[in-house]
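Have a look at the picture first, and then we'll go through it piece by piece.

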Amino acid sequence: EIDALRLDLAVAAARREDAEGRRRRLAVESETLAEEAGEVERELALAAERTARLAADLTRFEGIHAELESAFDGSQKEVESARQERESARTSGASRRGRLDLFEARLEANEQDLARVRREIEEGERQIASWREEAATLRRREQEIQDARRRAEEALQEALERRAVTRDDLRGEQERVEEQRARVKALEEGIEAVRAERDEVRSRLSEVKVEEAAVKQDVAHLKASFREEFSQEPPEGGDEAPAGPLEELEADLARCREALERIGPVNLLAADEFAEHEERHKFLTEQRADVADSVDSLTRTIREINETSGARFKAAFEQVNEHFRTTFTELFRGGAAEMRLLDEEDLLESGIEIVARPPGKRLQNIMLLSGGEKALTAIALLFALFRTKPSPFCILDEVDAPLDDVNTLRFVELLRHRSIDTQFVIITHNKITMEMADNLMGVTMSEPGASRLVSVDVEEAAAMAG
């Protein structure tokens with residue numbers, strides 16, 4: 001029962017450690033969500049400012065629209081007036097033909113202005129719709145972050161409640177274990193008292209047996225002396241004989257026998273069982289000591305491995321981060337970027353956040369960049385890793401697909417510089433990337449269902465063309 005309680009206590013301790021670990025992770029997630037919430041609040045503030053600017057622009061465009069509509073109405077009136085004048089000019093005869101041509105030119109100019117005004121109105125409406133969609137997206141993003149923060153707070157509260165329940169259960173288990181220990185101690189004390197009483201009774205019984213043997217020998221000797229002296233048998237004692245020491249000894253003997261009967265039969269194999277259990281206990285104690293030493297050694301080894309791994313990871317992280325800053329600035333022709341650890345206390349379990357600031361923008365998370373900026377940032381990180389630990393070969397599959405021509409030229413220039421130490425195999429459809437290759441290989445289907453590999457040595461082809 002004690003072993004079962006100890007097992008339950010160990011399980012409760014493990015559950016408590018698990019709850020503590022989850023609480024720490026939830027605390028880290030809560031801090032991360034708080035930071036994200038702060039960033040979202042800043043973004044919302046910026047969005048609010050932008051919304052205010054958009055509202056002002058909308059008001060201004062509405063004023064412009066009203067002005068354009070009034071201008072359009074005036075132009076319509078002028079067109080009608082011009083048409084009327086043209087009709088009157090036609091009826092007036094050939095002398096007013098020049099004036100009619102003038103009015104037709106004015107009419108054409110007014111129609112062109114009208115078309116331009118309509119295009120501006122449509123552009124303004126599309127811009128307003130885009131701004132409204134962006135504002136709706138920002139509101140949805142705010143709601144998602146608030147929901148995530150609320151879920152994290154609920155999970156944290158649940159973990160704290162489970163921790164309190166676990167503590168109460170552990171406290172109750174400890175109290176029950178203490179009670180069982182007290183009961184076991186009381187039983188052991190009772191067993192020791194019974195053993196001491198049994199040993200005392202055995203000693204008294206031995207003494208009584210010795211005294212009884214001495215008394216019997218004295219009685220036999222007295223009977224023999226009586227026969228020799230009186231030549232007759234000694235008289236037998238009756239009930240009227242006074243109680244002597246023998247009766248007291250017999251009473252003590254009866255009490256000792258009753259005490260022995262209460263104790264029960266003697267286990268003659270107790271000494272052997274005790275020796276066996278003692279040897280088993282000694283073996284288990286040695287095994288437990290060996291296991292404890294092994295656990296301590298393993299714990300020290302794990303701690304040393306974690307310390308070494310953490311130090312090496314930190315050194316590699318700093319080196320990659322430095323190369324990443326340099327490569328990012330080289331690709332973007334300015335700006336700044338870096339990698340940040342989410343938990344600097346636990347390097348081996350920490351996540352990594354990448355923040356970048358392209359030229360002309362503020363510092364922000366990589367997830368907030370455009371597709372081309374994300375691709376260029378990922379390329380910068382990839383080449384930073386290659387600069388930290390170069391490799392003789394590198395295969396790149398469609399990494400330049402999201403890039404425009406300007407960024408592709410920067411990517412190609414970076415490839416040209418790094419190809420001195422590394423041989424690059426690039427899968428691409430971009431013509432600019434193909435132009436810098438030393439060898440081109442492609443697959444063509446000259447006949448239906450039959451593919452054929454085509455290889456071109458660019459330098460050889462250029463020499464033949466020259």
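pLDDT is the predictor's confidence in each residue, on a scale from 0 to 100. This is a predicted model, in which local features need pLDDT of at least 70 and side-chain atom pairs count only at pLDDT 80 or more, while totals for chains, interfaces and linings use all residues. Residues are numbered from 1 along each chain as its sequence is written, and side-chain values use heavy atoms, with hydrogens and water left out.

The protein has a mean pLDDT of 77, with 83% of its residues at 70 or more. Helices (H or I, at least four residues) and strands (E, at least two) are DSSP runs numbered from the N terminus. Over residues 238-243, pLDDT stays under 50, and the model has one contact beyond four places in sequence for them; a contact means heavy atoms within 4.5 Å. Where pLDDT is low, the predicted coordinates should not be read in detail.

## Phenylalanines that pair up

Rings of Phe, Tyr and Trp (its six-membered ring) pair if their centres lie within 6.5 Å; planes under 30 degrees apart count as stacked, over 60 as edge-to-face and the rest as tilted. That rule gives five aromatic pairs. In one of them, Phe-383 and Phe-424 have ring centres 5.7 Å apart and planes at 40°, so the pair is tilted. Phe-383 sits in helix 5 (residues 371-388) and Phe-424 in strand 5 (residues 423-427), so the pair ties together parts 41 residues apart in sequence.

Phe-424 also pairs with Phe-386: the centres are 6.5 Å apart and the planes at 55°, so this pair is tilted. Here too helix 5 is linked to strand 5, across 38 residues. Phe-383 and Phe-424 are both buried, and Phe-386 is buried as well. Buried means under 20% relative accessible area, exposed over 50% and partly exposed in between (1.4 Å probe, protein chains only). Elsewhere, Phe-324, Phe-328 and Phe-332 form one aromatic cluster.

Other buried residues in helix 5 include Gly-372, Leu-376, Ile-379 and Ala-380.

Strands pair if DSSP finds at least two bridges between them. Three strands make an open, antiparallel sheet in the order 1-2-3, with strand 1 (336-341) and strand 3 (364-365) at the edges.
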